[in-house]
There are 4 protein chains.
Amino acid sequence: MSSIYHGQLTVSIFGQSHAPAIGVTVDGLPAGEPVDLEELQVFLNRRAPGTGNWSTPRKEGDQPEFLSGLSQGRTCGAPLTAVIRNTNTRSGDYADLRDIPRPGHADYTAQVKYGGFQDVAGGGHFSGRLTAPLCIAGGICKQMLARRGIWVGAHIAAIGGIWDRAYDPVALSREDLLAPGRTRFSVLAPEAGERMQAAIAAAKADRDSLGGIIECGVVGLPAGLGDPMLDGMENRIARLAFAIPAVKGVEFGAGFGVAALRGSQNNDPFYMDGGQVKTRTNHAGGILGGITNGMPLVFRVAVKPTPSIAQPQDSVSLSRGENTTLEIHGRHDPCIVPRAVPCVEAAAAIAVCDALLEQQRRSELL
Amino acid sequence: MSSIYHGQLTVSIFGQSHAPAIGVTVDGLPAGEPVDLEELQVFLNRRAPGTGNWSTPRKEGDQPEFLSGLSQGRTCGAPLTAVIRNTNTRSGDYADLRDIPRPGHADYTAQVKYGGFQDVAGGGHFSGRLTAPLCIAGGICKQMLARRGIWVGAHIAAIGGIWDRAYDPVALSREDLLAPGRTRFSVLAPEAGERMQAAIAAAKADRDSLGGIIECGVVGLPAGLGDPMLDGMENRIARLAFAIPAVKGVEFGAGFGVAALRGSQNNDPFYMDGGQVKTRTNHAGGILGGITNGMPLVFRVAVKPTPSIAQPQDSVSLSRGENTTLEIHGRHDPCIVPRAVPCVEAAAAIAVCDALLEQQRRSELL
Amino acid sequence: MSSIYHGQLTVSIFGQSHAPAIGVTVDGLPAGEPVDLEELQVFLNRRAPGTGNWSTPRKEGDQPEFLSGLSQGRTCGAPLTAVIRNTNTRSGDYADLRDIPRPGHADYTAQVKYGGFQDVAGGGHFSGRLTAPLCIAGGICKQMLARRGIWVGAHIAAIGGIWDRAYDPVALSREDLLAPGRTRFSVLAPEAGERMQAAIAAAKADRDSLGGIIECGVVGLPAGLGDPMLDGMENRIARLAFAIPAVKGVEFGAGFGVAALRGSQNNDPFYMDGGQVKTRTNHAGGILGGITNGMPLVFRVAVKPTPSIAQPQDSVSLSRGENTTLEIHGRHDPCIVPRAVPCVEAAAAIAVCDALLEQQRRSELL
Amino acid sequence: MSSIYHGQLTVSIFGQSHAPAIGVTVDGLPAGEPVDLEELQVFLNRRAPGTGNWSTPRKEGDQPEFLSGLSQGRTCGAPLTAVIRNTNTRSGDYADLRDIPRPGHADYTAQVKYGGFQDVAGGGHFSGRLTAPLCIAGGICKQMLARRGIWVGAHIAAIGGIWDRAYDPVALSREDLLAPGRTRFSVLAPEAGERMQAAIAAAKADRDSLGGIIECGVVGLPAGLGDPMLDGMENRIARLAFAIPAVKGVEFGAGFGVAALRGSQNNDPFYMDGGQVKTRTNHAGGILGGITNGMPLVFRVAVKPTPSIAQPQDSVSLSRGENTTLEIHGRHDPCIVPRAVPCVEAAAAIAVCDALLEQQRRSELL
């Protein structure tokens, strides 16, 4: 398998960068859920290129066409499929990638795995473009969650060593989550955003690129979502977050910081707050034993620098079996972190929606 | 679902800490694979308690009984099931956990999810003891991989802010991977290990606990294992690693460090080495586009400090709906990182074995 | 994979006939469901051998031990595992089966699939004994369904060409379903049962065996369970029913009889009955478009004659590559149909419970 | 879930009869497999309407567009998605179906399950039209199998009580399998076909419809495909065959006929034939213990009469809660059996391809 998340929801992603289309099928959505197409488009536009200096000037126009699963603006219980046409198909720009793999890309590993039959144009199925279908599925899940008072948001936590203000994991509000997404550059502290953008511009001027970190939060979650061991919230979210091509790390709550903490520091003390159980700190990131505890769910993902840089790079010719040098042409984002923000939200929204559908089922039967 | 990894191999874990037994079923193993029970026991003993100062003096005796799936010392194609009897069942030590949840544990979330019907004794299905069946499955996978020249190992990368020497991600050898597991305390640099043990002893004296980081590597991997998007090596490993109860983060290669790198630094240049494609650096951790590139696979997990500490902690009484203080008695590891090392190896071995079984299938059909 | 049903419930069956044990893990059961062990034992005893002339005099003693998943007599949310010890393990009776396969058995196909590494003793994982774990899972599901007013039952519809009275698919009552299971020989018409038993005795005297048909019904079902296409009630039930080794056919409602009907005869007209939608006939067997319509669900399975007969049979020596003759010794049921009746009920109960868990989930979210 | 077959291949079907499109995603196909689009179209045309007197004169034009998964005429390893546009969308013909359900259709059960949000136009996701995507997936699998010497075919075994000549389950040849598909009406005995067509014409004249039986065979199969218990060839095929909306029964080999046989008659004696193990009879339908034995695989499915008939039928008004009479207008096949023949082949081809991919994997690892 490659491109299927299989839970209460099955999310099956297909397409290559330069194939006729990319798209997604979501099976298992309850019937009767409204899908606000305008709101979805606003969400997809946050992922689309060409909206800032840090992004490639290519115009993708990620406008989904819904082939099935909707009836009169609502889910109808049948599998929902949406596709986005690729207008820029079969270009000849990528002819050499079967022979000279780009460092940091999947060209070489795809060549080995698929024996040369892979679709190389535009990165094929490995293209970052495949996060658009993920965002369609995630955007629908976000709407379903919002109707139930659950809000998902993310912001750029760091780019090139410059840090945004972090979420307050205890007092995180819906507004904290939604505000960054409304701006051109999704940060909490505008000043940090400006410095990040300057760093991106500097990297671009050097024909180089930058990586970063995205922080994502979910509030309004009931306690009790998720499962122990292999279907915990961490497992579900991590599985989906690593579907975003450039992600190299996922951490929850205090994350790797737990390594420097003592138990007395890391444990989150419980207390009663007006009849509700809460914790005074939130190093757990809202998850205990794989299950939500009702506090904000908080996690971060590490996003590597765009591997496509305009500098000459060392590579090999697979056909000749010798070293060579590669220069990548075309226009590429000097930093994909800003555009990856909604993708991380999508991963979180799908995972939470999946767990919500499962928990609903179990609790009602008692 | 909760406790099933479902791929080419299905690994289904069951049991509670104080139920009659814990165990695992592995479905999908090829027939004819020898299982060296002594070697497996050596591996399981690395996870067992009572072998060092940093560990609880309880004696668990993790000796698996194989109920099915073996015939004359080899896998027979039928599902393999092994169980470990719990000798210490139904103790009364845990009577209050349904009312006063331990901070950092799953007591509260289990209470909400299972409506009070969960088995609380010893942490029930959430106990760290459930990593023993994971290690049975992983130990068998490790043996299968070793016969094919693929070696999996891990070491304690850090405890309480003290760091072991890191793996060399380019020159990582089989010996580097196996050596730490042969010692009482799995580190590469004995001196660092001694300082870590002193830190654990100090935390213990303070009735406190420590967290840490485990680094895991796999060498001898062919290029071409794994899949794009949702079944990449990162997705598979992360899903399994987060099954270890205390894990709060997973990162591959340069991991969260990518956030401070430029593309020109993070990209791993290709070169030919005696007919083989290699990379000069290995920030990718051996994975590009979810697929192995033939370089060592390297990842790290963050392990939180043992939540069970002997200090009084703030908690709540769920029945009375008011704040209270909790003191945890009994003997608990002041640091579970050393015992978690083989669990991380198990997670990696299962993921790699799963991908190997899949790739075998596809490539043979071309 | 081999032995896993993967839906809202995951039922994973393991064991070989002469391995230490056989058993089952059920993952996904709601927490808090009581399991009446005595009632379960009564159900399992219906499958056990040695209770009649038509059955092998071997004594199996199918008493399950619950290793996990129960706490104080109720499901606790963790995976439930039960095992049955095999007392008669590793006998030498089956030494030749690797060389001279028994006609009608899986000896030859297992030899090819598993390359000689399969466990041949007692039929290994292919033994009819593996239906005992299926009955454990099914028996628990039957109890869950009964608490919700849903009743599952089956009877011997035919043996050796002798037919029992058929269910009335429109007026089928709970009592019709439960009555046959209370008797030694599960038929609706005692006189037909006596003739069947005489036919079995005659076949046994001829060192031969008989096949038959089992009819199964479910009443009390709400309309709306199941899914279109690949997860319809027919798909789920058929997948589980064909797990019973001797089953060679499954048909719903009018089944193969539809081939001789016109649409005007086969269509079941709707009518209102005190505010409830019903159909006047029930050729659909209670299923339309894969989904229950509230009428009794009725299906039949064909069970082949026991392949182990005491007559000399033509076979081959795989090692010598030549024809030979085989005589099967030991004691075998001259007809397994009576003992297969609870197995068919188990298959139906698991499928219905699975669909009920799914539907519960979806409908609550609207 | 509804419309996903999840094995080595994942086949995910989507679409409603009058949605913009119907289609299928196949994930898990090996890379490098040629797809002959002309041959596929010939296969799809066998399912298309309008080619005979027994079929509706509507013109559907089932021409798939491949959105992804192909590169230069071959599979590229990425998920393969093909869609067929619905030209006849959103007609008003079906307005009343939400209120007055058609007997024998899923209108009522969909209404209950989806709470009125289902897409009723043209039967929505329950339409027989959804078998077209199944045939796309199956047609590609048939091509993959044919390149490996495995041939799949089917014929009309019976319509309205008139029987075609049956397959010889022992001597079944490739030509027997392929010949019926080349004719306008897929039978082995043309004379029987003429009588069937006359019976269909007579039923049509009476504004009625006919059901039938389809027999399917696979030759060239290696022994060793499939699994015991829940993933046997019977389980896989049955699960896929019941995805065809009108199928109400599936039987293998002697099928329900086993009920009248003794073991000595039903067992298939083994013999050596030029170094190959064969059976003299084939009541097993080529499957023992869920696994192929190298003999032809033979099964039959029962297809109910088209429920849409032009006669007035009794139904109910759901809104008014009272009995009423329904007349179905529009053009419908008086017998869908002929068009269902390639659908049954598709189900078989997918199941066999899935098992082949799995077995390939396991055997290579020994």
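Colleague: Why is the pair D:Arg262 and C:Asp206 called a salt bridge?

Modeller: The rule asks for a side-chain nitrogen of Lys or Arg within 4 Å of a carboxyl oxygen of Asp or Glu. In D:Arg262 and C:Asp206 the closest N and O atoms are 2.7 Å apart, so the pair qualifies. Across the interface of chain D and chain C the rule finds 9 salt bridges.

Colleague: What is the basis for these values?

Modeller: This is a predicted model, where local features need pLDDT of at least 70 and side-chain atom pairs count only at pLDDT 80 or more, while totals for chains, interfaces and linings use all residues. Residues are numbered from 1 along each chain as its sequence is written, chains are lettered from A in the order in which they are written, and side-chain values use heavy atoms, without hydrogens and water.

Colleague: How many residues of chain D are in contact with chain C?

Modeller: 103 residues of chain D touch 102 residues of chain C. Contact means heavy atoms within 4.5 Å.

Colleague: How much area do chain D and chain C bury between them?

Modeller: About 8200 Å², with 62% of it on carbon and sulfur atoms. Buried area is the accessible area (1.4 Å probe) that two parts lose on being put together, summed over both.

Colleague: Why does the radius of gyration of chain A agree with a compact globule?

Modeller: The rule is 2.2 Å times the number of residues to the power 0.38, and the radius is taken over C-alpha atoms. For 366 residues that gives a value near 21 Å; chain A has 21 Å, so the two agree.
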